[in-house]
Amino acid sequence: MKKLLSTVFLSLTITLLIVILSAVASAQEESFSYSIEDVTMTISGNGAVPDYFYYDLGYETREAIHHIIIEDGITEIGDRAFCYFYALESIELPDTLERIGEAAFDVCRALDNVTLPEELKSIDAYAFSYCQSLKELVIPESVTYLGMHV
């Protein structure tokens, strides 16, 4: 009986260790950073631009950004990440991008130039709502989910 309990305990311990190591490795793979030069913000890293990223920036900073370049490695733009960037005119999106979150570019009034990557899979609701200057948005065939009022 003791041998059976020891074997079960050892198996559970090993399984738990594997789960923890997998979670740590996954967390280390995601990174995100940005830099601002003049009127251009460059986003780099791996994984997602966080939800509500615009909260991290002051109003004056958001007003000064006219161009955003998101580099390869970024796979997701979080919900409301860049909303209220009123002066934003253009966005360069990476080929690695798979999802644009809900209201990600909501109320970017000056935005008039966006080319969506060919491998994009999901555009959530309101992703480009109230972008009055955006006259055309070509949705790639790869998109399998298109939210309301994109």
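Predicted model: local features only at pLDDT ≥ 70, side-chain atom pairs only at ≥ 80, totals over all residues.

Student: What makes Asp-106 count as buried?

Tutor: Asp-106 has 7% relative accessibility. Buried means under 20%, so Asp-106 counts as buried.

Student: How do you know that Arg-80 and Asp-106 meet in a salt bridge?

Tutor: Their N to O distance is 3.4 Å. The cut-off is within 4 Å, so the pair counts as a salt bridge. Arg-80 sits in the loop between strand 4 and strand 5, and Asp-106 in the loop between strand 6 and strand 7, 26 residues apart.

Student: Why is the pair of Arg-99 and Glu-76 called a salt bridge?

Tutor: The closest N and O atoms are 2.7 Å apart, which is within 4 Å, so the term applies. Arg-99 lies in strand 6 and Glu-76 in strand 4, so the pair ties together parts that are 23 residues apart in sequence.

Student: Is Arg-99 buried or exposed?

Tutor: Buried: Arg-99 has 19% relative accessibility, and the limit is under 20%. Glu-76, at 27%, counts as partly exposed.

Student: What makes Asp-124 and Arg-99 a salt bridge?

Tutor: Here the closest N and O atoms are 2.6 Å apart, so this pair also meets the 4 Å cut-off. Both residues are buried.

Student: Which residues are linked in a network of salt bridges?

Tutor: Glu-76, Asp-79, Arg-99 and Asp-124.

Notes. Residues numbered from 1 in each chain as written. Heavy atoms only, no water. Salt bridge = Lys/Arg side-chain N within 4 Å of Asp/Glu carboxyl O. Helix = DSSP H or I, 4+ residues; strand = E, 2+ residues; numbered from the N terminus. Buried < 20%, exposed > 50% of the residue type's maximum accessible area, 1.4 Å probe, protein only.
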